[in-house]
Amino acid sequence: MSELSQLIQINKNIEKQNEEIIRLLKIISNEAEDEEIEESIEEELNEEYLDENTLFRYGVGKSIEGKMGVGEVYFIEDKNMFKLSVDKNNTAIDNLTGSAKPSSFALEQLIANESMKNNVSLEDGTVIISLDNSNNLAESLKICVEQSAKKVFIPVSASTQLIGAPQQIMQLVKLDVYKNEENLIEKLFNK
C-alpha cells in the first residue's frame with residue numbers, strides 16, 4: 001500500500017508541475033488572463049512599507065509594456081527601474097529590475113499626483129529620469145530599452161551625456177528634455 005501511496009503522490013506532483021508549465025507558457029504567449037498574471041506576480045512579491053502610506057515591493061520582474069494607468073509613473077534610479085502608483089492616499093513602488101529601494105521619488109510622486117488630479121495617464125512606455133538620477137544617462141537609457149520604454153524624459157542639463165551614448169539606443173527610444181519640474185508637467189500633460 002505504501003508504494004501505491006508514493007505513486008499517487010508522485011502523480012500529484014507531476015500534475016502541479018504541468019499546471020505551472022502551462023501557466024508560464026500562457027504568460028509567455030500573452031494568452032493568460034490579466035487576473036492570472038497578477039495573482040502569480042502577487043505570490044512572488046516581497047513587500048514592506050517605507051512609511052505608513054508607501055508600500056514598497058520587489059521581485060516583480062516585468063517590463064513596462066502595456067497600458068499605463070492613471071497615477072502611474074515609471075522611473076530609473078541607480079540601475080533599477082521602478083513603477084510608482086498612487087491610488088487615493090496610498091502609494092506603491094515596485095522595483096521591476098531588482099530589490100533596491102528608491103532613495104528619492106518626489107518628482108515622480110508629483111507627476112503621479114498630477115495624473116490623478118487630471119484623471120489622465122501618461123503615454124504608454126514613458127519613463128522619467130530626474131536630475132538626481134541622471135549621472136549615468138547611457139546606462140539608464142540601456143535599462144529603458146531593455147524594459148521596452150518608448151519615451152524617456154531627461155533633464156536638459158544631462159543631455160550633454162548623450163554624446164557618449166550608443167546611437168542604437170537613442171534610435172530605440174524617443175528622448176525629450178525638460179528644464180524643470182513645471183516644464184516636465186507641461187510636457188507630460190500638454191498644459
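Which side chain does glutamate 123 meet in a salt bridge? That partner is lysine 151, at 3.8 Å from N to O. This is a predicted model, where local features need pLDDT of at least 70, side-chain atom pairs count only at pLDDT 80 or more, and totals for chains, interfaces and linings use all residues. Residues are numbered from 1 along each chain as its sequence is written, and side-chain values use heavy atoms, with hydrogens and water left out.

**Overall layout**
- The chain has six helices and eight strands, taken as DSSP runs numbered from the N terminus (helices are H or I with at least four residues, strands are E with at least two).
- Along the sequence the pattern goes α-α-β-β-β-β-β-α-β-α-β-α-β-α.
- Out of 191 residues, 39% count as buried (buried is under 20% relative accessible area, exposed is over 50%, partly exposed is in between, with a 1.4 Å probe and protein chains only).

**Salt bridges**
- The count comes to four salt bridges, each one a side-chain nitrogen of Lys or Arg within 4 Å of a carboxyl oxygen of Asp or Glu.
- The glutamate 123 and lysine 151 bridge links distant parts of the chain, from the loop between α3 and β6 (126-128) to strand β7 (residues 151-155), 28 residues apart.
- Lysine 151 is buried, with a relative accessible area of 11%.
- Another bridge joins lysine 83 and glutamate 72, with 3.3 Å between the closest N and O atoms.
- That pair also links distant parts of the chain: lysine 83 sits in strand β4 (residues 80-87) and glutamate 72 in strand β3 (residues 72-77), 11 residues apart.
- Both lysine 83 and glutamate 72 are buried.
- Glutamate 114 bridges to lysine 117, and here the closest N and O atoms are 3.7 Å apart.
- These two are three residues apart in helix α3, so about one helical turn separates them.
- Buried or exposed, how do glutamate 114 and lysine 117 come out? Glutamate 114 counts as buried at 10% relative accessibility, while lysine 117 is exposed at 61% relative accessible area.

**Strands β4 and β5**
- β4 and β5 pair in the antiparallel sense over six bridges (two strands pair if DSSP finds at least two bridges between them).
- The two strands form a hairpin with two residues between them, and lysine 88 in the turn has a positive phi of about 60°.
- Aspartate 87 stands opposite asparagine 90 in β5.
- Five of the six residues of strand β5 (residues 90-95) are buried, so the rest of the structure largely encloses this strand.

**Aromatic pair**
- There is one aromatic pair by the rule used: rings of Phe, Tyr and Trp (its six-membered ring) pair if their centres lie within 6.5 Å, with planes under 30 degrees apart called stacked, over 60 edge-to-face and the rest tilted.
- Phenylalanine 75 and phenylalanine 82 make up the pair, which is stacked at 5.2 Å centre to centre with 20° between the planes.
- Phenylalanine 75 and phenylalanine 82 are both buried.

**Second largest pocket**
- About 210 Å³ of space lies in the second largest pocket (a pocket is an open set of points on a 1 Å grid where a 1.4 Å probe fits, with protein on both sides within 12 Å along at least five of seven lines; lining residues have an atom within 4 Å of a point).
- It has 16 lining residues, and the closest to its centre are Leu107, Ser130, Leu131, Tyr178 and Glu181.
- Helix α3 (residues 106-118) gives the most to this lining, with three residues.

Note on methods: Grid points are joined across faces, edges and corners, and a volume is the space filled by probe spheres set on the points.
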